[in-house]
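Here is a guided walk through one model. Keep the sequence and the 3D view side by side as you read.

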Amino acid sequence: MKDTTNSAPVIEAKGLNLVFQTADGPVQALKDVNLTINRGEFVSFIGPSGCGKTTFLRAIAALEHPTSGTLTVNGMTPDEARRKRAYGYVFQAAGLYPWRTIAGNIKLPLEIMGFDRAEQDRRVAQVLDLVELSGFGKKFPWQLSGGMQQRASIARALAFDADILLMDEPFGALDEIVRDRLNEETLKLWARTGKTIGFVTHSIPEAVYLSTKIVVMSPRPGRITDVIDSPLPKERPLEIRDSREFIEIAHRVREGLRAGHHEE
Amino acid sequence: MPVLTVLGLILVIWYAASVWMNSTWVYDQAERAGTMVSFAEMVPQTMTQERPLLPPPHQVGAELWEGLRLGSGYEVFLQSADQPILDRLQATLDHVFSKKGLVYHGYVTFKGTMMGFGLGILFGSLLAMAIVRFRVMDMSVMPWAIISQTIPIVALAPMIITVSSQMGLTDRDVPKAVISAYLSFFPVLVSMVKGLRSPDQMQLDLLKTYGAGEGAVFLKLRLPASMPYFFASLKVAVAASLVGTIVGELPTGAIEGLGARMLIGSQFGEPLIMWAALFAAAILAGLLIVAVGIVERLARKRMGVPA
Amino acid sequence: MSALLFALLVWLAAWALNVWLAGSPVAKTRFGKALVPLIFGATLLVLWEGLVRGLGIAPVILPAPSAIAAKIATSLPMLWQDFAQTILKGAIPGFLIGSGAAFLTAVAIDRSPFLQRGLLPIGNFVAALPIVGLAPILVMWFGFGWESKAAVVVVMVFFPMLVNIVAGLQASERMQRDLMATWGASYLQTLVKLRLPAALPFVFNGLKIASTLALIGAIVAEFFGSPTFGMGFRISTEVGRLGLDMVWAEIAVAALAGSLLYGIVALIERWMTFWHPSQRH
């Protein structure tokens, strides 16, 4: 287990701007974004569509390139960090390759990164256990339920042991019951691995339940309107959602979202 | 723009290839005459041969233009300016039919294609409806419809023609249309089956709650739902029926149509005739596809589907 | 007349049997799915035989299936020679070379959007053209042997294959390509591990079209000149001599070859793209 109290900054954005050139003219996807994420934090990005939360996550992963400002990951540029395998990315859809088994899918990034066979097998077994999918390695993705597929995709992101896990609405397409369970499991996973997690969602309860830090964003232009540090304890049973603190934070997030909405 | 670049590239390669392929003949001639030809002398000679292995583009263009000009009768039309318009059209048509240029041969092929296309659409749609309606048709006929397309119809073509003449059908239109229809019914059949089955269970259930009978379900839901699929299949089908018609014109004895021109060019060793017929067929194919595309777009607009 | 009546009765009985089979649980089984079309095909043959015998149709118009079968049995060596010439030497090498060339071309232009935008519309157009028309020209270039037949097949299968493979290479999802990017995968790794497997359903779609085109090309090319054997040659000469039983024998061989080639492609497809929704049952 890693030391999660270490508060060294892992991701730092300063005056970040990102403009997309579209057919209808330029669109300011991110405007003057300043944010520091420390090691071991669980940070949620919440806001309506078009607020730039996904764009910011993609910029961290070097899938988008900022127009101006600085963005560092572990003190490096996102491109360098990617080459150092700094992050695992989980999309809304599991995006598993249908022609590979679950184990084969988890092996894919390992093959690309050039791990040897034995190491690949060891890691596959380890992460399958971590997401509680042991015994499903030989199944094909389409033989599994949506929730299990998403767990497999998380295992795939964990396999090469990146410090940062970036999750873009990973449970958005799942039903509420499955979602609750996966939220609980995500927290357990986070506690066990001590990874830094960036998590995009549009569900207020999900953001409050999971995060140590909630980043509220607004659209047109995409920007940060509020950053809330959660006072909730690390141990969070599902029932915590009925507590007064929880409801207060949720209220503040909602206010933040509404304020961003009015400014338009 | 990229298309033009690639087309330009193809032209350049074509010229280079025709120099290369036709040069053998030039050198042979020179050797026979006991003279030497330099490269610079050779190149122009490859451009103007009467029976080139690979005619350069401008030669094909000239032959094509000649065939179209002679065949279209537009000169007749222009020269008869003093006569009533109907007479002028009549004279022009007479000219087209008497001259038997590429326009005429193209028309013969076009007619065959349209007949086959029509038959193919009719047969394909009816079969699709029967297959969707009756499970036993689906199970018995569908596998054979697929197998029918793996059989090279061209093997049947000469026989269909001979047999139909044995049966007293001297006109070649019928056998050609049959071959053409055989090739074009399949895309229509497959798309229509897909289209007629495209309404989902929810839509079917909704109509059932309205108390709709089978006929109403077919007319109000299945048929309209299949139309986009139907129109999408037409382009493939029209191209297939053109191939069918040309193949139907190939077997010995045919004298009319673009396929027959290719055969004649091949038998008499006249490459230019072959190339001109080939390009005329390409132009015809292009026109047919564009025409079908326009029909498709109009139909979509009427049905309110974004094109 | 009685032969015709008998055939009609058999037809009706078999049809009734099929109607019953289609409605029964047998239809859901693999056996039932194969049995129903087989019964249908067999009754077509019976009907054909009955029609020819009952109406006394002249063999120069339509020989009976039994006569065709007899002809096949007595001329096996000749049929084999024609098959080897047209299918083994003409269609199959042409099919392989044409598909292979299309594959290499597609991968070669994969990195150039400019070439793709230029070649694709042309490829789409050419794929719809009656390319069989090139047959006489290619026969002139490559002579009467199997080489010209293979060349016709190469040209015929090239464009439909190219269009399908290029479309297939673009078929992988954006998200999956992004994933590859987050792992720092190289162009080659993305091509081999993601885009080529994702393109397979398209490739096989093209191969199926190409397999039927290959036979058409090989046979048509023989109409323009061939040695004194080969299926196209045999068909055109036997038609001239009104030897329709031989023509039908060749057609039967062509049908078998066509279905076999298609079937082989479909089997490989089943094996290689087992994961695709259209292959899961």
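The paragraphs below go through sheets, a helix pair and a pair of domains.

This is a predicted model. Begin in chain A with an open sheet of six strands. Their order is 5-6-7-3-8-9, and the pairing is mixed. Strand 5 (87-90) and strand 9 of chain A form the edges, and each pairs on one side only. From one strand to the next, the twist averages 15°. A helix also belongs in this picture. Helix 5 (residues 146-158) of chain A lies across strand 5 and strand 6 (164-168) of chain A. Helix 5 of chain A runs at about 165° to strand 5 of chain A.

Now go to strand 8 (residues 213-218) of chain A. On one side, strand 8 runs parallel to strand 3 (residues 42-46) of chain A, and four bridges join them. F45(A) has V215(A) as its bridge partner in strand 8. I46(A) stands opposite V216(A) in strand 8. Strand 8 of chain A also pairs with strand 9 of chain A, this time in the antiparallel sense and over six bridges. Here V216(A) stands opposite D226(A) of strand 9. The two strands form a hairpin with four residues between them. In that hairpin, R220(A) takes a positive phi near 45°.

Is strand 8 of chain A enclosed or open? Six of its six residues are buried, so strand 8 of chain A is largely enclosed by the rest of the structure. The side chains split into two sets. K213(A), V215(A) and M217(A) point one way, while I214(A), V216(A) and S218(A) point the other way. Both sets are buried.

Step across to strand 9 (residues 223-229) of chain A, where I224(A) lies. I224(A) has 22% relative accessibility, so it counts as partly exposed. The cut-off for buried is under 20%. Which residues does I224(A) touch, leaving out those up to four places away in sequence? They are V33(A), N34(A), L35(A), V215(A), V216(A) and M217(A). S153(A) is another matter: I224(A) and S153(A) are 71 residues apart in sequence and 29 Å apart in space, C-alpha to C-alpha.

In strand 2 of chain A, L35(A) is the bridge partner of A13(A). Strand 1 (residues 9-22) and strand 2 of chain A pair in the antiparallel sense over 10 bridges. They belong to an open sheet of three strands in the order 2-1-4, with antiparallel pairing. Its edge strands are strand 2 (25-38) and strand 4 (68-73) of chain A, each pairing on one side only. Neighbouring strands of this sheet are turned by 25° against each other on average, direction ignored. Helix 1 (residues 53-60) of chain A packs on the sheet and touches strand 1, strand 2 and strand 4 of chain A. The direction of this helix makes about 115° with that of strand 1 of chain A.

Next, look where chain B meets chain C. Helix 7 (residues 135-150) of chain B packs with helix 1 (residues 2-23) of chain C at an angle of about 110°, with their axes 8 Å apart. The two helices are therefore roughly perpendicular to each other. Their crossing is right-handed. From helix 7 of chain B come R135(B), V136(B), M137(B), M139(B) and S140(B). They meet W15(C), N18(C), V19(C) and A22(C) in helix 1 of chain C.

Finish with chain C. Its domain assignment gives domain 1 (2-57) and domain 2 (71-279). The C-alpha centres of these two domains of chain C lie 34 Å apart.

Methods: Residues numbered from 1 in each chain as written. Chains lettered and ligands numbered in written order. Predicted model: local features only at pLDDT ≥ 70, side-chain atom pairs only at ≥ 80, totals over all residues. Heavy atoms only, no water. Domains from an automatic or database assignment. Pairing = 2+ DSSP bridges. Axes fitted to C-alpha atoms, helices over the stretch in contact; angles between N-to-C directions. Contact = heavy atoms within 4.5 Å. Buried < 20%, exposed > 50% of the residue type's maximum accessible area, 1.4 Å probe, protein only. Parallel < 35°, antiparallel > 145°, perpendicular 65-115°, else oblique. Left-handed = near helix turned anticlockwise from the far one by under 90°.
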